[in-house]
Amino acid sequence: MLKVLGRITSINVRKVLWALDELGLVYEREDWGMPGRDPKVPEFLALNPNGQVPVLLEGGFVLWESNAILIYLAEREGKLLPGPLEQRALALQWLGWQAAELNPPWGYAVNALIRKTPGYDDPAKVAESIAKWATRMEILEARLGHDSGNGFVAGDDVSIADIALGLSVHRWMSIPAEKPQFPAVADYYQRLLQRPAGARWMGQETP
Ligand SMILES: N[C@@H](CCC(=O)N[C@@H](CS)C(=O)NCC(=O)O)C(=O)O
């Protein structure tokens, strides 16, 4: 039985849960992660020395890093990754880009406007965070508008890259701030929301 360790308020945990649902796999989930259950305890650190969620367990196999888990599940099931080498590489490109380039700029704005974290109260830094985040969103808009048409980021079929990007786009859509409009991204978001697993996991709160 597949088991996921992690709280559903984590965007990285929801990536994995969306993929599991999209693949129709049966799994168990155990709540770990702050503030509910601190993963920085020996029992959890023995599984993931980073003390972070998600972790996937299958028998004696232990896997952490949400993108590695997505790739593992897609490879295991032979779904959610394109077959042709170049298209597959493009899906992995967008999957890596989501974590390495799209997500980092939002930190200050999300802490200030969604999490309401004490100390994140400088309007200039919020504006700077949104502006940098928007430059990354422009890249996604260009891809979806010109190259991808009505499909997904790496072709006509949904892939694990769309799951990761969908959760990031959901965060962009949800943040209560003045921000540029991205019509191709907005259409893409609606396409992903039409998927039951997308609606389920993008609909969760995103602290
Ligand atoms: N690169 C890691 C990042 C994991 C990560 O940042 N997890 C956060 C939640 S999104 C975490 O575990 N925070 C500590 C906690 O929840 O206690 C991945 O993609 O799996």
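Start with Arg7: one of its polar side-chain atoms lies 2.9 Å from an oxygen atom of the ligand. That makes a polar contact, meaning a pair of N or O atoms within 3.5 Å. Keep in mind that this is a predicted model, where local features need pLDDT of at least 70, side-chain atom pairs count only at pLDDT 80 or more, and totals for chains, interfaces and linings use all residues. Residues are numbered from 1 along each chain as its sequence is written, and side-chain values use heavy atoms, with hydrogens and water left out.

A polar backbone atom of Met34 is 2.7 Å from an oxygen atom of the ligand, and for Val53 a backbone N or O atom sits 2.8 Å from a ligand oxygen. On its own the ligand has 510 Å² of accessible area, and the protein covers 76% of that (Shrake-Rupley method, 1.4 Å probe).

## Who lines the site

Around the ligand (a heavy atom within 4 Å) you'll find Arg7, Ser10, Asn12, Gly33, Met34, Pro39, Gln52, Val53, Pro54, Glu65 and Ser66. Sorted by class, that shell has 4 nonpolar, 5 polar and 2 charged residues, with Gly counted as polar, Met, Val and Pro as nonpolar, and Glu and Arg as charged.

## The overall fold

Zooming out, the protein has 9 helices and 4 strands (DSSP runs of at least four residues for helices and at least two for strands). Along the sequence they come in the order β-α-β-α-β-β-α-α-α-α-α-α-α.

The C-alpha atoms fill a box of roughly 45 × 45 × 25 Å along the principal axes.

Definitions and conventions
Polar contact = N/O pair within 3.5 Å; in protein donor to acceptor, adjacent residues only side chain to side chain.
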